[in-house]
There are 2 protein chains.
Amino acid sequence: MRAEIISVGTELLLGQILDTNASYLAQQLAELGIDVHFKQTVGDNDARVRGAVRLALSRADVLLITGGLGPTEDDLTVASVAGELGRPLERHDDIAERLRQFFALRGRVPPESVFKQALIPAGAHPIPNMRGTAPGVHLEHDGRELFLMPGVPFEMYGMMEGYVAPRLRERTGSAVIHSRVIRVTGEGESAVESRIKDLIGGSSPTIAPYAKLGEVHLRVTAKGAPDDVARQLDTGERALRERLADLIYGIDDDTLEGVVGRLLADRRATLAVAESCTGGLIAKRLTDVPGSSTYFLEGIVAYSNDAKRDLLNVPPAVIEEHGAVSAEVAESMARGVRQRAGSTWGLAVTGVAGPAGGTATKPVGLVFLGLATADHVQHRRLNLGEEAGRAGIRFLAAQAGLNLLRLRLLRSDA
Amino acid sequence: MRAEIISVGTELLLGQILDTNASYLAQQLAELGIDVHFKQTVGDNDARVRGAVRLALSRADVLLITGGLGPTEDDLTVASVAGELGRPLERHDDIAERLRQFFALRGRVPPESVFKQALIPAGAHPIPNMRGTAPGVHLEHDGRELFLMPGVPFEMYGMMEGYVAPRLRERTGSAVIHSRVIRVTGEGESAVESRIKDLIGGSSPTIAPYAKLGEVHLRVTAKGAPDDVARQLDTGERALRERLADLIYGIDDDTLEGVVGRLLADRRATLAVAESCTGGLIAKRLTDVPGSSTYFLEGIVAYSNDAKRDLLNVPPAVIEEHGAVSAEVAESMARGVRQRAGSTWGLAVTGVAGPAGGTATKPVGLVFLGLATADHVQHRRLNLGEEAGRAGIRFLAAQAGLNLLRLRLLRSDA
C-alpha cells in the first residue's frame, strides 16, 4: 500500500508557515508501515488542487489531504476534490445542526458562511471533528481512499488518531513498524551518545538519538509482526536503561512535569514553587498536568526584590550581600515558599535570562536552583550560556529545576 | 515567471525532519516576486526524482531543487537530473582540487566517495559552496533554469543568498511581493471575516484570514515596485483598522503580552497577576518579554482555596457561597493581588480547565476573569467549551485576560 500527502494552502507556498502537518502525517504513516513516495503542496486554487489529486490518484492507494476545509472563500478543497471525482456536494443536516450548537454553546449566532462546512461530496462519510467546526471527509473511489482533514494541526491530529489511523491499520494487516521514544534529560546529546554509541544504528530494533532543547530523545524502532515488534522494543529499552539508568525520565508521551507529578502523588507529597527568572513557567508546566491540584499547592512569581522579601521571606540583607541571583537567595526562596505553603517540597529558581542584565560575575545564563524540605535545603548552580536566548534559558532552567526535584524524589520515600 | 521547489530526501517522507528548506525558499521567492504554484517532495530514488523534475519542467520556468548532493550512495540528485536532461556527467578538476584542500586544511585524507561531488552535468555551472563540500549546480535548459543545492540548511542558505537570489533578481527586474500580518483577538474567525468580507481576496493588496488559537491573523500581501508595495500595504492596513478598530492588537511579530507590556510601560503602570486555572501561564507570557520587570511586579498561582485565602485575601465565605470558580472570587482575587503587590492593576483568572472537575452549573471551559484598579473592579465570564482541551482552554483564558487588560489600558491614561 502506498500513500501520498497533499498539503493545500497558499501560505505554505509563500513560506509563511512550516508544513508541520505533512511531517506529522509522514511519521504516522511510517509507523503504520505505509510507504510514502511523494508529498505535494499546492495553493488554494481549484485547478491546481484538482491537478494534484489527479496525479496522486494515478500513483497512490491512499491520499491524505490537509487544509482548505474551513468556512472562508479560500477554502475550496472539498469542492475541488468533489469536482475532480465528479461527485456533487450534498448538504448534511446533522453537520449543520452540530455547527449551530457549537455557536449556540458559545452564545453566538453562526454566520451563514459556516454552513459551507455541512457540504460533503456524495457517497462520502464525514469525519467527526471533536476540536473545531470543520468536519473531515472520507471517500472511497475506484479502490482508493481519500481522507480530507483540516489544516489546523490540533484538529487534524484528533482526526488522524481517532479515525484515519485506525482505519488504515485495519487495511495494512499484520506487519507493523512501531517506535518507542526513550526520553533522557540531565546530560547533553554528545554525552548521552557516547554512553550508547555501540547501540546506535543496527537493524530492528534501530536506535536513533534526537537532540531537543533540554533533553535527548532516543527513538527505538522495530518492524515485524506485532508480538515480535513489542518484544524488540522491550529489548531496546532494556539495553538503554542499563546504560542510562535515571537519566531516563520517561517513555513516549511522558513529560518531565507529568513524571514529577506522579512521583509526588505516589509519595503523597506536595510542592510549592518560587520563580524569578522563569517567571511562572515551572508552575505553568506543573499545572499543564490534569489533576495537578492534588500535589501542587501554589506558585509565587517573585520578579522584584520586594516580592522576594514580602512573599518569600528572603532577608533583604541576603539579597544585599549576595545579589538576587545567588545560591543563598535560591535556598532562601525555596525555604520561604515551602514554609508559606506548608508543602513537603519547596523549589526555587533565580537567574539571569537576558538579553540584558548580565554582568562579568553574573552573566546571562547563570541560574541558581534551590530545593527545600522541612529539614534540608540544597542549591545547584547552572551555567546555561547565552546562546539559547531568553526563551531557551528559561526553558532549560525550568527543565533543570524539575529534574533536580525528580532525582531527589527518586531517592526519597516521602 | 513561475518557480517550483523540489525537496529530495527519504527522511522528509518519513517525517523525521521538518522541511524548513522548502519554506525558506518559498519565502525568498515570494520576496523576489516570483510565484510558486507547487512544491514536491520525493525520496532518494532515481526514477522518482526524474519524474518530479519532468513534471516541474512542464509547468515552471525555474526549478529550485535541494538535497541529495552529498558523497553517499543515497545522494543521486545530480546524476538523476543529468540523466533526465540527457547530459553526461563531467568531472571538474578544480572542484576535485578544492575538495582535497578542504580535507587537507582539516588534516584529513578525503575518502574516494567525496570526489563524486566533482561530477557536474555537461554545460552546467558549479555553484560555489562556501560552507561545506558539495557544490551546487546551475543549469539552463530549453529556456528554463535549474538550481540544485545541498539539503544542509546552512550551506543552502549561503548558495541561495550568494548566487541564486541575485541571479533571479536580475531576471525578474524590480517587482517584489511583501506581506504584513494584522493580528486580531477578541472575536472568532467567522465574526472577523463577516466584518471584512468585501476586503478579502481582491488583487494587490490581497487580504487573507488565518485562524489561530485565540486569534485571527489577516495577511495583507502586495506585489509591485518596492515603493508602491509599501503604499499598498498601508492602504490595506488602514482599511482593516477602519473595520476592526481595537480588535487589532498588533502587526507582524507583535505578541499580545508584548503589546500589553508596552501599554503598561507607556503609562508607568504596574501589574500583578493571580492565577488559578491558567497556573502561571499569564505570568510566564508576560515575563517572556525582555524588560518586563519594569511593570510586572509579581504573580501568584493560587491553585488551592487555602492559597486563595492566605495569599490573595479571598474571604472563605465568598468561596463557600459562590464557589472557587465565580465572578465574586475572580474579583476578590484581582483586588487581593493588586493590594498585596501595590500595583496599578490586578488581573485574576479562575476557571475549570478540565478534563475533570466540571459540573452542570460549572462546566469545563467556564472561566471568570477579574480586573482591579485602586477604585474599580470588574469581571468577565467566558464559556470556552471543552473541545479545545485543557491546554487550549488555558491558553484561551490567558489570551482573554491579557486582552481584557489591553482594552482597559487603551481607554485609560494611567
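Which domains does the domain assignment give for chain A? I looked this up before anything else. The assignment lists domain 1 (2-172), domain 2 (176-251) and domain 3 (256-410); such bounds come from an automatic or database domain assignment. Taken over C-alpha atoms, the centres of domain 1 and domain 2 of chain A are 34 Å apart.

**Ground rules.** I am working with a predicted model, in which local features need pLDDT of at least 70 and side-chain atom pairs count only at pLDDT 80 or more, while totals for chains, interfaces and linings use all residues. Residues are numbered from 1 along each chain as its sequence is written, and chains are lettered from A and ligands numbered from 1 in the order in which they are written.

**Interface.** I listed contacts between the chains, a contact being two residues whose C-beta atoms, placed from the backbone, lie within 7 Å. On chain A 64 residues touch 59 residues of chain B. Elements of chain A that each supply at least two residues to this side include helix H2 (20-31), strand E2 (35-42) and helix H14 (389-410). Helices (H or I, at least four residues) and strands (E, at least two) are DSSP runs, numbered from the N terminus.

I then checked E2 in both chains. E2(A) runs antiparallel to strand E2 (residues 35-42) of chain B, with five bridges between them. A:Val42 has B:Phe38 as its bridge partner.

**Sheet.** I traced an open, mixed sheet of ten strands, ordered E17(A)-E16(A)-E15(A)-E13(A)-E14(A)-E14(B)-E13(B)-E15(B)-E16(B)-E17(B). Strands pair if DSSP finds at least two bridges between them. Strand E17 (376-383) of chain A and strand E17 (376-383) of chain B are at the edges with a single partner strand each, so one side of each has no neighbour in the sheet. From one strand to the next the twist averages 10°.

H14(A) lies across strand E15 (345-351), E16 and E17 of chain A, at about 30° to E16(A). Axes are lines fitted to C-alpha atoms, for helices over the stretch in contact, and angles run from 0 to 180 degrees between N-to-C directions.

**Core.** I finished with the largest nonpolar core, which has 185 residues. Its members are buried Ala, Val, Leu, Ile, Met, Phe, Trp, Tyr and Cys residues joined through C-beta atoms within 7 Å, where buried means 20 or more other C-beta atoms within 10 Å. B:Val337 is one of those touching the most other members. Beyond four places in sequence, contacts of B:Val337 include B:Ala272, B:Ile300 and B:Leu312.

Definitions and conventions: A residue is buried if 20 or more other C-beta atoms lie within 10 Å of its own, exposed if 12 or fewer, and partly exposed in between; C-beta atoms are placed from the backbone.
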